[in-house]
Amino acid sequence: MKRFVNKELGLDGQEGFESNIETLEIKSSSSKYRGKSNQNSLMVSSNFYYPGWKVYVDGKRQKLLQCNYFLQGVSLQTGDHIVEFKYIPGIFIAGCILFIL
């Protein structure tokens with residue numbers, strides 16, 4: 001696992017690692033956090049990994065990672081970031097398209 005994390009996600013994994021996560025908002029279909037780290041890192045959420053969840057870092061969509069088989073995660077670069085997990089099910093999008101037609 002360490003090789004995957006370091007090589008595939010570009011995580012440093014060096015000594016002196018410091019990070020902090022602050023919860024900004026939690027709703028039934030979304031959550032928002034402020035993350036700060038002095039190295040590239042992996043943020044893991046306790047939400048279940050499930051189709052329909054999307055993740056945004058500083059307003060830009062990122063790849064949602066499946067961690068430990070059933071949790072959500074996202075790779076973060078060094079620095080301060082706003083991370084948002086949003087649940088947008090495909091059936092909702094399909095319904096909106098059909099409604100417009």
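In this predicted model, D58 sits in the loop that links β4 to β5 (60-62). The phi of D58 is near 55°, a positive value in a residue other than glycine. Most residues other than glycine have a negative phi. With a relative accessibility of 42%, D58 counts as partly exposed.

Y69 also has a positive phi, near 75°. The place of Y69 is the loop between β6 (65-67) and β7. Y69 is exposed, because its relative accessible area of 77% is over 50%.

Y69 belongs to a nonpolar patch on the surface, together with F48 and F70. The three residues have about 440 Å² of accessible area together. F48 is part of strand β3 (residues 41-48) and is exposed, at 56% relative accessible area.

| Residue | Relative accessible area | Class |
|---|---|---|
| D58 | 42% | partly exposed |
| Y69 | 77% | exposed |
| F48 | 56% | exposed |

The largest nonpolar core has 10 residues: Y33, M43, W53, V55, V57, L64, V74, L76, V83 and F85. Two or more of these residues come from each of β4 (53-57), β7 (71-76) and β8 (79-87). β4 gives the most, with three residues. In soluble globular proteins, nonpolar side chains tend to be buried together.

V74 is one of the core residues. Leaving aside residues up to four places away in sequence, V74 touches S41, L42, M43, V55, V57, Q62, K63, L65, V83 and F85.

Conventions: Residues numbered from 1 in each chain as written. Predicted model: local features only at pLDDT ≥ 70, side-chain atom pairs only at ≥ 80, totals over all residues. Heavy atoms only, no water. Patch = residues over 30% accessible without salt bridge, like charges linked within 9 Å, V, L, I, M, F, W, Y side chains within 5 Å. Areas by Shrake-Rupley, 256 points an atom, 1.4 Å probe, with all protein chains shown as cover. Salt bridge = Lys/Arg side-chain N within 4 Å of Asp/Glu carboxyl O. Helix = DSSP H or I, 4+ residues; strand = E, 2+ residues; numbered from the N terminus. Buried < 20%, exposed > 50% of the residue type's maximum accessible area, 1.4 Å probe, protein only. Core = buried A, V, L, I, M, F, W, Y, C linked by side-chain atoms within 4.5 Å. Contact = heavy atoms within 4.5 Å.
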